[in-house]
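Please look through the sequence and the structure below before reading on.

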Amino acid sequence: MSNIVLDGIMGLVVGDALGVPVEFQSRDSLEKEPVTGMRAYGTYGQPAGTWSDDSSLTLALLDSLKKGLDYKDIMDKFLGWYERADYTPHGQMFDIGNATSAALRRYKSGCAPLEAGGTSEGDNGNGSLMRILPILFYLLKHYGEDFTEKAEAFEIIHNISALTHGHRRSMMACGIYICLAKSLIGLKDKERAVKEGLKTAFAYYKNQADFKNEEQHFITLEDEDFKNLPEDDIESGGYVVDSLKASLWCLLNTGSYADCVLKAVNLGKDTDTTAAIAGGLAGLFYGYEAIPEDWLGVISRREYVEALCEF
């Protein structure tokens, strides 16, 4: 089990670190000077290999799940990152989304963990999607490889999202992502794996009345020509639906881990998160060995991250 954890988590962390120096840059500017490897400084003035809140919250969730499923413990660990810079590369928390910040403040004020996440239309940033990957490993370990056939597993995924993002659209994005991530493990045919993952996810959500109004936002993913959408049709900001689509589009339109995450970064805007989300999928499909060693070599606290992946 530890092997696929390392594949996915380090795939996510490296993608995140590639995107940090150019976060918020436009696609046009990156077309003129594309990212081709690890850069230093840039947007946040951080050394090369520095990862952001995407990875910090992912690692916090992973660390908590190693001891079992405890929503309070997860939120306590998120709060440790927020207040004490736990799970950070350099002892400094330099990036946080508005919805996540608001949820952690509500939790600290006494709100129950599963009621802390915002539920309005405006609470559909990508902040739960970017950190959802560790629940895959928990579900595989405790529910088996057929966990996607169990409603309880989807409920857990939705609860993990709701800690900071409680709108059903964010929950559904997380559910689709986990189905995709599961399907990519061990299969050599990437397009088949993606097709199976999407089929599994939509088979579940089409039978859930509570998600009926959300299906329309993800319908593009079911289109046979989704892979062939022009880049101009792929948005790469902080909206959760856009982030899911962009990460999957990058995976489908590249043939290696490196090409996938670089394509994600060079879409611009929310570069670190798009690349983190795409990197988690690409890491699971291509494996840890496919991540360029010169990138791994500069990842901050690499040994610490890899130790956490002993799930």
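Rings of Phe, Tyr and Trp (for Trp, its six-membered ring) count as an aromatic pair if their centres lie within 6.5 Å, and the pair is called stacked when the planes are under 30 degrees apart, edge-to-face when they are over 60, and tilted for the rest. By this rule the structure holds seven aromatic pairs. This is a predicted model, in which local features need pLDDT of at least 70 and side-chain atom pairs count only at pLDDT 80 or more, while totals for chains, interfaces and linings use all residues. Residues are numbered from 1 along each chain as its sequence is written, and side-chain values use heavy atoms, with hydrogens and water left out.

**Aromatic rings**

- Phe154 and Tyr205 form an edge-to-face pair, with 5.7 Å from centre to centre and 80 degrees between the planes.
- This pair links distant parts of the chain, since Phe154 lies in helix α7 (residues 151–162) and Tyr205, 51 residues apart from it, in helix α9 (residues 190–205); helices here are DSSP runs of H or I with at least four residues, numbered from the N terminus.
- Ring pairs join Phe154, Tyr204, Tyr205 and Phe211 into a cluster.
- Arg168 lies over the face of Phe211, at 5.4 Å from the ring centre, where a charge sits over a ring if NZ of Lys or CZ of Arg is within 6 Å of the ring centre and within 35 degrees of the ring normal.

**Nonpolar core**

- A nonpolar core is a set of buried Ala, Val, Leu, Ile, Met, Phe, Trp, Tyr and Cys residues joined through side-chain atoms within 4.5 Å, and buried means under 20% relative accessible area, with a 1.4 Å probe and protein chains only.
- The largest such core has 109 residues, of which Ile9, Val14, Ile135, Phe137 and Ile176 touch the most other members.
- Helix α8 (residues 168–184) gives the most to this core, with eleven residues.

**A residue in helix α5**

- Ala103 lies in helix α5 (residues 98–108) and is buried, at 0% relative accessibility.
- Apart from its neighbours within four places in sequence, Ala103 is in contact (heavy atoms within 4.5 Å) with Met75, Ala116, Gly117, Leu163 and Thr164.

**Cysteines**

- The structure holds zero disulfides, a disulfide being a pair of cysteine sulfur atoms within 2.5 Å.
- For Cys250, the nearest cysteine sulfur is that of Cys260, 5.8 Å away, and Cys250 is buried, with a relative accessible area of 0%.

How values were computed
Buried means under 20% relative accessible area, exposed over 50%, partly exposed in between (1.4 Å probe, protein chains only). Helices (H or I, at least four residues) and strands (E, at least two) are DSSP runs, numbered from the N terminus.
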